[in-house]
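Please open the model in your viewer and keep the sequence beside it, ready to select residues by number. The tour goes from stop to stop, saying at each one what to select and what is there.

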Amino acid sequence: MTIAVIMVNTDWAKKNHEVLRNYYTAYLRGVRDYCNAYHDGAIKQQIIDALIRYGSERRPELLHKYPWPARSPNGRVNAASMLDMQDWYVANKFSAAKFPAERLIDSSYADYANQKLGPFVLENKESKREGCR
C-alpha cells in the first residue's frame with residue numbers, strides 16, 4: 001500500500017522543473033537514510049532522535065519494537081495501490097473523476113534522482129526486517 005507520496009501543482013512543476021528535480025533527489029536521499037536506519041544501519045539512533053525531536057513519535061521504545069512505515073528507496077509509487085485509493089474516493093463521493101495511473105504518477109523525478117544517486121545499497125545486509133528494499 002502506498003502511504004507516502006509527494007504531490008505537486010503541475011503548473012508550478014512545469015515552471016520549476018529543475019527545483020523539483022533537485023528537491024526530489026534530496027528527498028530520496030533522506031528516504032534511503034531512513035531505510036538504512038530502519039534496517040539497523042549506522043545512523044539508526046540519529047534518525048530515531050530526529051523522529052522524536054520533531055514529533056513523529058514520542059516513545060523511542062516503539063521505534064525499536066515495531067515496524068516503521070515503508071518507503072521505496074527508489075522513489076517508486078505502487079500504481080495499483082494509488083488506483084485502489086482513487087476508487088475508494090470516487091465510490092465515497094470524495095472525488096468525482098478517475099484518472100489513469102499515467103496522469104497521477106510522474107516517475108521522471110524518481111528516474112532523475114536514481115540516476116544522480118545510483119542504486120540503493122542496504123547498509124546492513126544481515127537485516128531480517130521487511131520493507132525498504
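This is a predicted model: local features need pLDDT of at least 70, side-chain atom pairs count only at pLDDT 80 or more; totals for chains, interfaces and linings use all residues.

Begin by selecting Val 31, which touches Arg 71, Ser 72 and Pro 73 when residues up to four places away in sequence are not counted, contact meaning heavy atoms within 4.5 Å. Val 31 has its place in helix 2, where helices (H or I, at least four residues) and strands (E, at least two) are DSSP runs, numbered from the N terminus. Is Val 31 buried or exposed? With a relative accessible area of 5%, Val 31 is buried, since buried means under 20% relative accessible area, exposed over 50%, and partly exposed in between (1.4 Å probe, protein chains only).

Residues are numbered from 1 along each chain as its sequence is written, and side-chain values use heavy atoms, with hydrogens and water left out. The average pLDDT (the predictor's confidence in each residue, from 0 to 100) is 91 for the protein, and 98% of the residues score at least 70. If you colour by confidence, compare helix 4, where confidence is lowest at a mean of 90, with helix 7, where it is highest at 97.

**The core**

Next, select Tyr 24, Cys 35 and Trp 68, which touch the most other members among the 20 residues of the largest nonpolar core. A nonpolar core is a set of buried Ala, Val, Leu, Ile, Met, Phe, Trp, Tyr and Cys residues joined through side-chain atoms within 4.5 Å. Helix 2 (17–38), helix 3 (44–53) and helix 7 (108–117) each supply at least two residues of this core, and the largest share, eight residues, comes from helix 2. In soluble globular proteins, nonpolar side chains tend to be buried together.

Keep Trp 68 selected and show its neighbours: not counting residues up to four places away in sequence, Trp 68 touches Tyr 34, Ala 37, Tyr 38, Lys 44, Ile 47, Ile 48, Leu 51 and Leu 63.

**Lys 44 and Asp 40**

Lys 44 forms a salt bridge with Asp 40, the closest N and O atoms being 2.6 Å apart; a salt bridge is a side-chain nitrogen of Lys or Arg within 4 Å of a carboxyl oxygen of Asp or Glu. Lys 44 is buried, with a relative accessible area of 10%, whereas Asp 40 is partly exposed at 41%. Asp 40 is found in the loop between helix 2 and helix 3, and although Asp 40 is not a glycine, it has a positive phi of about 65°.

**Helix 7 and Arg 76**

Now select helix 7, whose buried residues are Tyr 109, Ala 110, Tyr 112, Ala 113 and Asn 114. These buried residues pack against helix 1 and helix 2. What does Asp 111 meet in a salt bridge? The side chains of Asp 111 and Arg 76 come together at 2.9 Å, N to O. This pair links distant parts of the chain, with Asp 111 in helix 7 and Arg 76, 35 residues apart from it, in the loop between helix 4 (60–65) and helix 5 (79–91). Asp 111 counts as partly exposed at 37% relative accessibility, and Arg 76 counts as partly exposed at 42%. Helix 7 is followed by Gly 118, whose phi is positive, near 80°.

**The surface**

For the last stops, select Lys 93, which lies in the loop between helix 5 and helix 6 (101–104). Lys 93 is exposed, with a relative accessible area of 73%, and its phi is near 60°, a positive value in a residue other than glycine.

Finally, select Glu 18 and Arg 21, which form a salt bridge with their closest N and O atoms 3.7 Å apart. Both residues lie in helix 2, three residues apart, about one turn of the helix. Glu 18 is partly exposed, with a relative accessible area of 40%.
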